[in-house]
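Please have the viewer open as you read.

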Amino acid sequence: MTVHSGTEREDNKTHGLLARHSRLPKEGGKQVSNRVLIAEPDVDLLDVFARYLSQMGFDVATAATGGDCLRQVGAFRPNVLLLEPVGWGTDLLARIAEEWHTHRVVLLSIRDELDPRAFRQLVKPVQLSELRDVIRDAAGLQSEVKRAP
C-alpha cells in the first residue's frame, strides 16, 4: 500500500505508510499517471479513502490542511486531486487552478454545487465504488487499475 502524507499527524493516522511506490498502468501503449492527492480535513475519512485507493493500485498522497495540500501538489505532482472545499477548499481551489494545470480536481462536498474549475464532484456520503469510478475517470483510466476488496 502506498500512502504519502504531508504531516506527522497524518503519518500517525495512516500508520506511517510512506514508502514511495508508483505503478503507472499502460492504456493503449502509453503510460497513465495514477497519482492521487486527497485533501480532506476529516482524518478518519482521509485514511479510509487513502487506503482504498492505494489498494486499487493508485499512488496516494494525503493532506489534512490547505497548507499541506499546496505543499503536496508541488512535491507529489498528482494528476488527480480529491479536494474537500469546506473552510479552506474554495480559496485553495482557486490557487491550485491558477498555478497547476496538469491535474484534474474532484470535489468532495455535502452540497451538490459543482465549481466550474472542477472535473467532477462527489456528494457525501460517498460510496467507495463511486469514488473508484470517478478517480479512474479523472486519471484517464479506461480499464480498472485493480479492484479493491
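## Around Phe-119

Phe-119 is partly exposed, because its relative accessibility is 27% (buried means under 20% relative accessible area, exposed over 50%, and partly exposed in between, with a 1.4 Å probe and protein chains only). Its place is the loop between strand E7 (104-109) and E8; helices (H or I, at least four residues) and strands (E, at least two) are DSSP runs, numbered from the N terminus. Between the C-alpha atoms of Phe-119 and Val-106 there are 5.7 Å, with 13 residues separating the two in sequence. Neighbours within four places in sequence aside, Phe-119 is in contact with Arg-104, Val-105, Val-106, Asp-137 and Ala-138 (contact means heavy atoms within 4.5 Å).

## How to read the model

This is a predicted model, in which local features need pLDDT of at least 70 and side-chain atom pairs count only at pLDDT 80 or more, while totals for chains, interfaces and linings use all residues. Residues are numbered from 1 along each chain as its sequence is written, and side-chain values use heavy atoms, with hydrogens and water left out.

The average pLDDT of the protein is 76, and 68% of the residues score at least 70 (pLDDT is the predictor's confidence in each residue, from 0 to 100). Residues 7-27 have a pLDDT below 50, and this stretch has 56 contacts in the model beyond near neighbours in sequence. The pLDDT is also below 50 over residues 143-149, a stretch with 14 such contacts.

## Overall architecture

Five helices and eight strands make up the list of elements, and from the N terminus their order is β-α-β-β-β-α-β-α-β-α-β-β-α. Of the 149 residues, 49% count as buried. Contacts between residues at least 6 apart in sequence join residues at least 24 apart in 58% of cases.

## Loops with something to check

Which peptide bond is cis? The one joining Lys-124 and Pro-125, with omega about 0°. Pro-125 lies in the loop between strand E8 (120-123) and helix H5 (128-139). Arg-77 is not a glycine, yet has a positive phi of about 55°; this residue is in the loop between helix H3 (66-76) and strand E6 (80-83). As background, most residues other than glycine have a negative phi, and most peptide bonds are trans.

Is Met-56 buried or exposed? Met-56 is buried, as its relative accessible area is 0%, and it sits in the loop between helix H2 (43-55) and strand E5 (59-63). Its C-alpha atom is 8.3 Å from that of Arg-132, 76 residues away along the chain.

## Charged side chains

The whole structure holds seven salt bridges (a side-chain nitrogen of Lys or Arg within 4 Å of a carboxyl oxygen of Asp or Glu). One of them pairs Lys-124 with Glu-40 at 3.1 Å, N to O. Lys-124 is in the loop between E8 and H5 and Glu-40 in the loop between strand E4 (35-39) and H2, so this pair ties together parts 84 residues apart in sequence. Lys-124 is partly exposed at 21% relative accessibility, whereas Glu-40 is buried at 2%.

Within helix H3, Asp-68 and Arg-71 are three residues apart, about one turn of the helix, and form a salt bridge with closest N and O atoms 2.5 Å apart. Asp-68 is buried at 3% relative accessibility, while Arg-71 is exposed at 53%.
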